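Here is a walk through one protein model, written for someone who would rather look at residues than at tables. Have the viewer open and click along as you read.

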Amino acid sequence: MKTTLLLFLLLISSTLFSQKFTLEGVLKDQDSIFLNGATVYVQSAKDSVPIAYGITNKNGEYSLRVNAGEDSKVIFNIASLGYEPYIKVVNVPDNGTLNMGYLVLNNEIEELDVITIIARAPPVLIKKDTVEYNADSFKTLPNDKAEDLLKKLPGVDIDIDGVITVNGIEVTAINVDGMRFFGEQKGDIALKNLPSNVISKVQVTDYKTDNQKFTGEESDSGTKEINFKIKKGKNRATFGDVKLGYGTDEKYQANANVFKLIDGKQLGIIGGTNNINLSKGFNSLPDTDTSNGDIKSDFVGANYTKGKWNETSVNGNYRYSAQNRDFDNISHKETFLPDLNYITDSKSNSFSDSDSHTAGADLKFILKPKSTSSNKKVRLSNKTDFKSSSQESGGTVKSESYYNNGDLVSDYTSNSESSSSSSEFKNEFSVTPVLNNKADYLNVSLGTDFNKSDSDSQKYSKNVLVNRGQTVIQDQINTTDSNSSDINFNAFWSKELFTNFRLMPRYSATVNTKNSEKYIYDFDETSEEYSDFNELLSSESKYVTTTLRPALKLRYQYKEFRFDIEGAYTNTYRDYKDELVAERDFKAEFDYLTYSGRIRYRDENGYKNISLEYDQNVDLPSVGQLQPVEDVSNITHVIVGNPLLKPGISHNARFQYQNNLAYNNINISGNVRAQFVQDKIINSTITDADLNRYTTYSNIDGDYSYTGNVAVSKSYFNRKTNINLNARFNASYKNSLSLQNAVEFTAKTTVLKPSFSVSYSYDSKIDITTAYSYSKNKNVYTTDAFNDNNYFVQNVDVNSNVFFLKNAFLSNRVSYRYNSRVGDEFDGDAVFWNAGLGVELWNNQATLSLVAYDMLGKNNGYRRSVTETYIQDVENKILEQYFMLNFVYKFGSFAGQKMNVQGKNRSGGGRSRGGSRRN
C-alpha cells in the first residue's frame, strides 16, 4: 500500500512541476510542396530519451505536446524518406508554445532509412506502407516473449483464439529478420520463445506471397505481416535463456532456448517439458484463459535459416513433440424439435498419448542479371516437408435422455480405444522468371503430397431404449489402412499490356488418388471372438478426383485506385469405386463458373485504404454426402447420403475502410461483410420417439448473414507516460435455415458486442491494461416449437505490472466473466486471478518469481453454446489452482559485447549513430 501511494505521489508531483509546451510548425520541400507523413521527434537534451513524436498531415503541419520535465533545452528532429535529416537544439519556451514556422527539407542525394538518422527511434514510425514500432519504447516484463510485446503495441490485438490483428486487419505471417522462423508462416514458435528484450523493431506491412516479394508486385491479400528485427551489432548476436519452474501438486515446467544470428544466418534450438497445459514455450505468468483438461507436453526443435526473401536462401527445421492429454466433462443439453423436445445429461472422459516428428527444407536459388540496369532474374524454389505421428487414445461416454416431463427415454454407454499412425511427404518445385523491366513474370510450380495412415480400434456401445424395452449393443473392432497421393500443377503469367493495365491468366490441374481398406468385425458371442465380418460398414475403395481450373484476371491501376476482375471455370470429376458394397460406387462431374472483383483506393502514403470486394465460393458435396448407403457406425445416429445433391454457392461481399490519422495519433478501421448462400448443403434429421436420429442431406435456399465492426484507437506519448485507448463495436445478423423432423424453420441470430481497452504506463514504475466487453445475443425462431432466447456475456480483464525498490516487480492478471443464461446446475460467473512476485538478480541476467495460478480458486470450465436446435451447458475439467517458483537465467552477446538483457532504463534505446545537425 505504501509503495502504491509513493508511486502515485511521484506521478502527481512530476506532473505538477514538469515544463509542458506545444511545439508546432509547417514542413515543405525545396519545391515548396507540403510534406505529408514526415516524422517530427523531440528528445531530451540530457540523455536523448524520446519525449514526444508526431507525423505531419497533408498540409505539412505538425503539433506536438511536449513534456520537457526539468530540461531547459530539447533536441528537435525531423526525418522523412528521401530528405536530409533536420536536427536542432531548441530552448524550452516560457509561454507554453514554440512555433518553428516554415521549415524546408533538402533532398537527400542518397535515400536513407529514417531509422539510421535519428539518435533514438520514435515509438511509432510510418514509412510508406510500413508501420514500425520501436520495441524499447513499450514496457515488458523481464521474462516476456514476442507475443507479450505485441499486446502492448498501439492498434495491435490478440484475441482468445490467438488471432492477431493490427488496426482491425488480421495478421497472417510472422517473420524474424525477414525470414521464416522454424519454417512457420504463423510464427507460433517465434511468438512464444523469442525474448521480447532482444527485439529492436516490430514492422507491420501488407502481407505478400513469396512471388509478390520477389517480383515486386503489390500485395492484394487484404491482410498484414509482422517482421521482428533483432537487436544486433554488425549482424552478430547470440542469446538465449534457461527456465525452470516447480510448484504445488507436482506442477513443473522447464525450457531452454539458444538463438544465434551471424551475417544473415539464423540458428535456433528450443526444448522444454511441462504439465501445465502448454504446447510449447514457458509461461512466467499465465494469461487468464481457461485451460481445459490435463496436458503434459515435451518438445524439442532446431532451425537453420540463411538468406532473406530477395536472396538465395535455405531453411531447414526439425520439431519433435509428445503430449499426454486427459479430458473430462459433464453437460446438460436441451434439444428443441418441431414436435419433440428432450433433455440429455452426459458425462465423458477421454485420453490421448501422441508424438510427432516434423521436418522441413526450403531452398530458393536466385539467378541475377549481369547488367545492373536489367530487372531480369530467375528464382528456383524447392520446398520439402515431412511429418510422422502416432497416437493412442480412448474414452468413455455415459448419457441419459429424458422427455420434458422427466420420463427416461434412453440410457447410452460407450467405451472405445484406438491406436493410429500416419506419415506425410510433401514437395513443391517452382520456377519464377521476371521477364523484363516492367516486372512481367511467369510462375510455374509442381506439387506432390503423399500420405499413408493406419489405425486399429475397438468400440463397445450399449443403448437401452426404455419405451421399447430393448437394448441395442454394438461391439466391434476396426482396422483401417489408407494411402493417398495429390499431384498439382500451377501456371501463372503476369503481363503488362499497356501502362497500368495487366493481364494475368492462371491454370491449375490437380489429380488426387486415395486407396483405403477398412475392415470391421463384430463380436461373435458363440466363438467369443471378433470374427463376424461386417460387410455393410467395411470397405475396399479407390477414389480418384481430377480438377481443372483455367482463370483470367484483369487489373488496372488509375492513380490511387486499383480495379481487379477475375473469372474462372472449374471442372471437377470424381470416380469412387468400392469392391465390397457396389451401392457406394458413383461417378460425378461438376462444372461451374466463378467471378470475383475488387475496387481499392489507397492514398500515396498508405494512410487511407478503402476497398469493395465480391467473390464466390463453391462447396462441393463430400463422398459421404453423396453415397446413398446407410452408415450405422453410431447406433444412435444413422446417416445416409443424397446422390442428387448440388454444390452450395456462397456470394460474398465486403467493404473495408482504414484511415490512419497519423497527425492526431488516431486510427479508424471498419468493415462490413454480407454472405448469401445458394443451394446450401444442410443436414436433414428425423428424430424418433426413442431419440434415435436419421440424417440425410438436402439443398436449401435463403441462408444469409451480415457482419460488421468498427474500431478506433488513440495513443498518447510523452516523456514518461504512454497511453493507448482502443474502442471496438462488432455486430452480426445470421439467418440460418434448418430442416428437422421434416419441418423447415429459420433461426435469426443477432449479436451486438461493444468493447474497449485502456493501457497506461508510467516511466519504469507502472504498467496497467484494462479491457471490457459486453456481448448481447438474441435468437428468434420462425416456429412456435422453439422458445426465443436472449442472453448476454460480459468480460472484464485487468493486467498490471508494478516495479518497485530496485529490481522487484509485482504482476497481476485478473479476469471476470459472466454468462446470464448458463443453466442452474452451472455457475454463470467466474473470477480468474493470476499473480506473480519477482526480482531480477545478477545485474538483470536472472529472474526469480513466485507465481500463483487461479489464486482465488474461483475459475471454472463452464461454457454455453446455442444453436437453432439446442442449448448446451458444458463443464470441462480445467487446470486448477497451483503455486510455482520460477527461475530464469538469460545470456547473450551482440557483436562480441555482453548483452545487457534488460537494462536499467527499461524504456530506453540506443545512442546516436550519426546524422546531420543544424544549430
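This is a predicted model: local features need pLDDT of at least 70, side-chain atom pairs count only at pLDDT 80 or more; totals for chains, interfaces and linings use all residues.

Asn741 sits in the loop that joins strand E38 (721–740) to strand E39 (743–762). Although Asn741 is not a glycine, its phi is positive, at about 50°. Asn741 is also buried, because its relative accessible area is 10%; buried means under 20%, exposed over 50%, and partly exposed in between, with a 1.4 Å probe and protein chains only.

With 12% relative accessibility, Asn277 counts as buried. For background, most residues other than glycine have a negative phi.

Residues are numbered from 1 along each chain as its sequence is written, and side-chain values use heavy atoms, with hydrogens and water left out.

pLDDT is the predictor's confidence in each residue, on a scale from 0 to 100. The protein averages 85, and 90% of the residues score at least 70. Over residues 1–5 the pLDDT is below 50, and this stretch has 1 contact in the model beyond near neighbours in sequence; contact means heavy atoms within 4.5 Å. Residues 11–17 also stay under 50, and the model gives them 5 contacts beyond four places in sequence.

## Strand E25 and its partners

E25 (residues 501–524) is a handy strand to follow. With E24 (residues 470–498) it pairs in the antiparallel sense over 20 bridges, where pairing takes at least two bridges found by DSSP between the two strands. Asn478 has Ile520 in E25 as its bridge partner. The two strands form a hairpin with 2 residues between them, and Asn500 in that turn has a positive phi of about 70°.

E25 also pairs with E27 (residues 539–558), again antiparallel, over 18 bridges; there, Ala509 is bridged to Leu548 in E27. E26 (residues 529–533) is another antiparallel partner of E25, over 4 bridges, and Asp524 stands opposite Glu529 in E26. The E25–E26 hairpin has 4 residues between its strands, with Glu528 at a positive phi near 55°.

## A closer look at Thr479

Thr479 lies in strand E24. Is this residue buried, exposed or partly exposed? Thr479 counts as partly exposed, because its relative accessibility is 28%. Leaving out residues up to four places away in sequence, Thr479 touches Ser455, Asp456, Glu517, Lys518 and Tyr519. Leu465 is 14 residues away in sequence, yet 29 Å from Thr479 in space, C-alpha to C-alpha.

## Nonpolar cores

The largest nonpolar core has 37 residues, and those with the most contacts inside it are Tyr133, Leu150, Ile164, Ile199, Val202, Ile226 and Phe228. Such a core is a set of buried Ala, Val, Leu, Ile, Met, Phe, Trp, Tyr and Cys residues joined through side-chain atoms within 4.5 Å. Apart from it lies another core of 24 residues, including Phe21, Phe76, Ile78 and Val92.

Not counting residues up to four places away in sequence, Ile199 touches Ala135, Ala146, Leu149, Phe228, Lys229, Ile230 and Lys231.

## A pocket and a cavity

Both kinds of space come from a 1 Å grid over the protein atoms alone: in a cavity a 1.4 Å probe fits but cannot get out, a pocket is an open set with protein on both sides within 12 Å along at least five of seven lines, and lining residues have an atom within 4 Å of a point. The second largest pocket is lined by 32 residues, with Asn36, Gly37, Thr56, Asn605 and Tyr607 nearest its centre. Strand E8 (124–127) and strand E33 (648–661) are the elements that give two or more residues to this lining.

Of the 27 residues that line the second largest cavity, Ile169, Asp206, Lys224, Asn609 and Gln658 are the closest to its centre. E33 gives the most to this lining, with 4 residues.
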